[in-house]
Number of protein chains: 2
Amino acid sequence: MTRPGGRSARVRDAVHDAVVELLAAGEIDAAIPKIAERAGVNPTSIYRRWGSRDALLLDAAVTRLRSTSPIPDTGSLHGDLRGWADGVERAMRDRHGQILLRALVATLSPDEKPLEYLQARGEDLQAALDKAQVRGEPVPSVDEVLDFVLAPLYLRVLFRRPVEPGIGPRLVERLLTAR
Amino acid sequence: MTRPGGRSARVRDAVHDAVVELLAAGEIDAAIPKIAERAGVNPTSIYRRWGSRDALLLDAAVTRLRSTSPIPDTGSLHGDLRGWADGVERAMRDRHGQILLRALVATLSPDEKPLEYLQARGEDLQAALDKAQVRGEPVPSVDEVLDFVLAPLYLRVLFRRPVEPGIGPRLVERLLTAR
DNA sequence: GAGTTAAAGCAAGCCTGCTTGCTTTAACGC
DNA sequence: GCGTTAAAGCAAGCAGGCTTGCTTTAACTC
């Protein structure tokens with residue numbers, strides 16, 4: 001039987017924190033023993049639980065990213081997307097957000113199955129679009145939202161271009177008025 | 001004095017090849033000794049020349065990517081960008097192209113100076129836009145081209161979404177007709 | 001061609017990340 | 001509480017990646 005509570009949760013959080021802190025401090029290839037030391041945890045616990053550094057980084061990134069930038073329900077598609085894009089933009093201007101995105105992409109190996117995290121995000125988006133559709137608003141596809149809002153924001157971070165304030169909502173505006 | 005010719009060049013190419021082959025074969029975290037073995041080269045040579053695995057990967061990616069998808073000179077902005085986007089699209093559908101992009105992004109650490117490779121690409125783009133401007137065509141900015149053509153293509157690869165045939169030129173079309 | 005010297009190759013040794021069998025701790029169910 | 005047992009901690013050993021001083025090779029200069 002699995003034991004999510006108490007000590008296990010504490011160790012997991014401490015390890016996730018240690019990962020983010022070390023990455024943020026520029027120790028980009030800190031290995032498991034160093035992460036364990038920073039977390040105040042025995043290295044063996046990490047090896048047994050995550051198996052590899054990459055698996056740990058991916059888990060930390062997905063866990064932490066999941067809690068950022070949800071899609072609000074404002075009653076209009078404009079509002080929903082603007083709110084969401086604003087959240088993404090803020091995350092992408094934040095050092096930890098940048099680090100997590102970078103870790104996510106870096107540990108995504110080419111051959112594996114698509115990430116359930118990404119799919120979940122796509123479904124959230126689809127749900128917001130469906131609501132707008134029901135209201136009779138003209139709606140773009142999920143792919144268009146990813147292409148014209150998310151992709152530009154992510155690419156700025158990955159290629160170290162500046163994330164200008166207001167760029168998120170502006171991209172939404174452009175998506176919804178173009179055509 | 002530096003000696004670019006002959007043996008040095010041979011070793012460099014063999015090592016670059018070995019990197020790409022190993023990555024393509026799924027050996028994503030093959031270390032330097034393994035790369036050296038594959039290249040038929042002494043590990044010490046790699047340590048002395050590149051210093052670290054990341055530096056080697058970055059060098060291999062930049063060197064190889066530099067030779068793909070140049071911007072043609074067709075006489076119209078539509079044509080130039082379509083040709084370029086088609087090249088990028090093909091590179092992104094190619095396994096080696098995907099691997100190189102992935103390696104590039106993965107080894108780009110957050111704090112370093114912007115990559116001269118990316119700047120060079122931006123300048124190429126700017127040159128094409130300038131030519132169109134002189135001709136009196138309406139032109140987007142480099143940022144817009146990056147946001148609405150390059151970002152969607154790259155993100156598909158990084159997040160393992162399919163790169164549909166024709167998507168590159170289609171993105172150009174959308175960029176130039178929108179607004 | 002002959003000499004000079006980058007750059008590659010070699011070998012030995014250190015260091016450290018990883019594995020594994022066992023012990024200890026502390027969640028969870030009753 | 002009490003017992004059960006995941007999960008964390010410990011310790012020893014192994015493997016292999018990295019460093020370094022030295023030797024050898026082969027580009028480049030004249």
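1. Two residues are in contact if their C-beta atoms, placed from the backbone, lie within 7 Å. In this sense Y154(A) touches L101(A) and L155(B), leaving aside residues up to four places away in sequence.

2. The model is predicted: local features need pLDDT of at least 70, side-chain atom pairs count only at pLDDT 80 or more, and totals for chains, interfaces and linings use all residues. Residues are numbered from 1 along each chain as its sequence is written, while chains are lettered from A and ligands numbered from 1 in the order in which they are written.

3. Chain B is superposed on chain A by a rotation of 180° with 0.0 Å of shift along the axis, at an RMSD of 0.1 Å (least squares on the C-alpha atoms of residues with pLDDT of at least 70 in both copies). The two copies are therefore related as by a two-fold rotation axis. The same surface serves both copies, since 100% of the contact residues of chain B recur in chain A.

4. Within chain B, A106(B) comes closest to the rotation axis, its C-alpha lying at 2.3 Å.

5. The interface brings 24 residues of chain B into contact with 24 residues of chain A. On the chain B side, the elements that give two or more residues are α6 (95-107) and α8 (142-158) (helices being DSSP runs of H or I, at least four residues, numbered from the N terminus). The most comes from α8(B), with seven residues.
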